[in-house]
Amino acid sequence: MLIAALMMTAAVLNAGAAKSFTDMKGHWAKDYVTKAVDRGYVSGYSDGTFRPNNSITRAEFCKMLNSALGISSTAQVSFTDLKSSQWYYTDVQKAVGAGYIGGYDDGTFKGDNKITRQEAAVVMSRI
C-alpha cells in the first residue's frame, strides 16, 4: 500500500533497529526500511515491530516527510482536534508551515486517520 510509496520517497518512527524488527524477516521492504532507519527517517514501535503492512496515518506521514526533507520551521495551527500534548503536534505545525498539507473544511486535522492515496498524491505534488 502506502508503505511502498513512502519507502521510495524515504520515510519516520527510532533509528538503529531495522535488522531486529520482529516482523521484517523475509519482507520485501526490509532493505528499504533498513536504509530509512539508518538515515533516521523511520523507526519502529516500542514492542520491537515495524508493522510494514499497516496503513500510514496522516500524522505519521507528516513525521516521515518532515524528517526525510529536513523540515524544521513551524507554523501556528488551530485545528479543533489537535492538542499541543499530542505526539505529532509539532510535526503538523511543520507540515502546515511547509505548505504541503492542511486540514479539513470542518476545522479538523484528523491526524489519527489513515492517509488516503488521494491525499498522499496531493501532498507529494505540493512537495
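Which residues does Leu 82 touch, not counting residues up to four places away in sequence?

**View 1. Contacts of Leu 82.** Leu 82 touches Val 77, Tyr 88, Tyr 89 and Val 92, leaving aside residues up to four places away in sequence. Contact means heavy atoms within 4.5 Å. The model is predicted: local features need pLDDT of at least 70, side-chain atom pairs count only at pLDDT 80 or more, and totals for chains, interfaces and linings use all residues. Residues are numbered from 1 along each chain as its sequence is written, and side-chain values use heavy atoms, without hydrogens and water.

**View 2. The largest nonpolar core.** This core has 29 residues. Val 33, Val 42, Phe 61, Leu 82, Val 92, Tyr 100 and Ile 101 touch the most other members. Two or more residues each come from helix 2 (30–38), helix 3 (58–69), helix 4 and helix 5. Helix 3 gives the largest share, five residues. A nonpolar core is a set of buried Ala, Val, Leu, Ile, Met, Phe, Trp, Tyr and Cys residues joined through side-chain atoms within 4.5 Å. Buried means under 20% relative accessible area, exposed over 50%, partly exposed in between (1.4 Å probe, protein chains only). Helices are DSSP runs (H or I, at least four residues), numbered from the N terminus.

**View 3. Asp 91 in helix 4.** Asp 91 sits in helix 4 (residues 89–98). Its relative accessible area is 7%, so Asp 91 is buried. Asp 91 touches Cys 62, Lys 63 and Asn 66, not counting residues up to four places away in sequence.

**View 4. Ile 127 after helix 5.** Ile 127 lies in the segment following helix 5 (117–126). Ile 127 counts as partly exposed because its relative accessibility is 46%.
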